[in-house]
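Q: Could you take me on a close look at one part of this structure, and show me how it sits among its neighbours? I would like one connected walk-through, please.

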Amino acid sequence: MQNLIKRIIGVGAIVLIIVLGFKYCQFKKEDDSDIQYNTNLIQQQILNVGKLVVTEGHFSEVITYKNQQKYLMDMVSFEKKALVVVNANVTVAYDLHKMKYDIDEKNKTITILNIPKEEITINPDIKFYDIEQSQMNQFTGDDYNKINKSVKANLAKKIEASSLKTNAENRLISELSKILIMTNSMGWKLQYNGKTIESETELTQDLKL
């Protein structure tokens with residue numbers, strides 16, 4: 001009788017171990033599946049954010065270009081000059097396809113490793129008016145190259161002094177905020193430069209562009 005009881009207890013213990021093992025495996029499978037699902041969602045969101053963010057602006061300026069050639073110990077000179085009107089379309093772009101990041105499934109953390117620098121494109125439309133020149137000092141290709149170089153240098157200064165770059169950075173942060181919102185909603189963390197980003201304000205302050 002005692003042997004029978006021992007057998008029943010032994011069989012019951014084996015059955016209990018099998019059931020618990022099955023439940024653990026099922027839980028582990030569901031947990032792994034959930035992690036994989038979350039990771040796929042995050043990767044898809046980053047792909048959605050990974051696009052070209054472009055901010056456009058328009059600048060105008062008027063330049064008076066002068067050049068003088070002197071001869072006979074500067075006793076004789078020949079001048080050329082022109083009024084240069086410039087209208088330029090400028091774009092500031094962030095190519096988020098180039099953004100580098102790491103996904104840590106175990107610690108549920110996304111780390112932004114690198115954010116691409118802005119790409120500034122200047123397309124000036126240069127027109128010349130009131131051109132004055134002489135046979136001894138005519139406009140050449142070298143003059144046009146100098147004017148073009150000067151125009152782009154002046155425009156670069158205007159861009160730095162304008163709100164165009166700031167607007168472009170705000171659009172960039174707006175796009176990156178989509179990743180922050182998603183990570184927060186899923187219980188994940190977003191990190192950059194070794195710091196956890198918890199709000200859009202921190203994102204603005206901590207992203208060193």
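A: Let us start with a pair of residues: Leu-190 stands opposite Ile-197 in β7. Before going on, please note that this is a predicted model, in which local features need pLDDT of at least 70 and side-chain atom pairs count only at pLDDT 80 or more, while totals for chains, interfaces and linings use all residues. Residues are numbered from 1 along each chain as its sequence is written, and side-chain values use heavy atoms, with hydrogens and water left out.

Leu-190 belongs to β6, so β6 is the part to look at. Helices and strands here are DSSP runs numbered from the N terminus (helices are H or I with at least four residues, strands are E with at least two). Strand β6 covers residues 189–192 and pairs with β7 in the antiparallel sense over three bridges; two strands count as paired if DSSP finds at least two bridges between them. Another facing pair is Gln-191 with Thr-196 in β7.

Now look at the side chains of β6. In a regular strand, side chains alternate between the two faces of the sheet. Buried means under 20% relative accessible area, exposed means over 50%, and partly exposed lies in between, with a 1.4 Å probe and protein chains only.

On to the other neighbour, β4. Four bridges join β4 to β6, and these two strands run parallel. Tyr-192 is the bridge partner of Ile-112.

Stepping back, β6 is part of an open sheet of four strands, in the order β3-β4-β6-β7 with mixed pairing. β3 (100–104) and β7 (195–197) stand at the edges, each with a single partner strand, so one side of each has no neighbour in the sheet. From one strand to the next, the twist averages 30°.

What lies across these strands? Helix α3 (residues 164–185) lies across β4 (109–114), β6 and β7, at about 140° to β6. For such angles, axes are lines fitted to C-alpha atoms, for helices over the stretch in contact (heavy atoms within 4.5 Å), and the angles run from 0 to 180 degrees between N-to-C directions. The buried residues of α3 include Leu-172, Ile-173, Leu-176, Ile-179 and Leu-180. An α-helix has 3.6 residues a turn, so residues three or four places apart point the same way. At 1.5 Å a residue, the 22 residues of α3 should span 32 Å, which agrees with its end C-alpha atoms being 32 Å apart; the expected span is 1.5 Å times one less than the number of residues. Just after α3, Gly-187 takes a positive phi of about 80°.

At the other end of β6 comes the hairpin with β7, which has two residues between the strands. Asn-193 lies in that loop and has a positive phi of about 55° although it is not a glycine. Most residues other than glycine have a negative phi. At 54% relative accessibility, Asn-193 counts as exposed.

Of the 209 residues, 29% count as buried.
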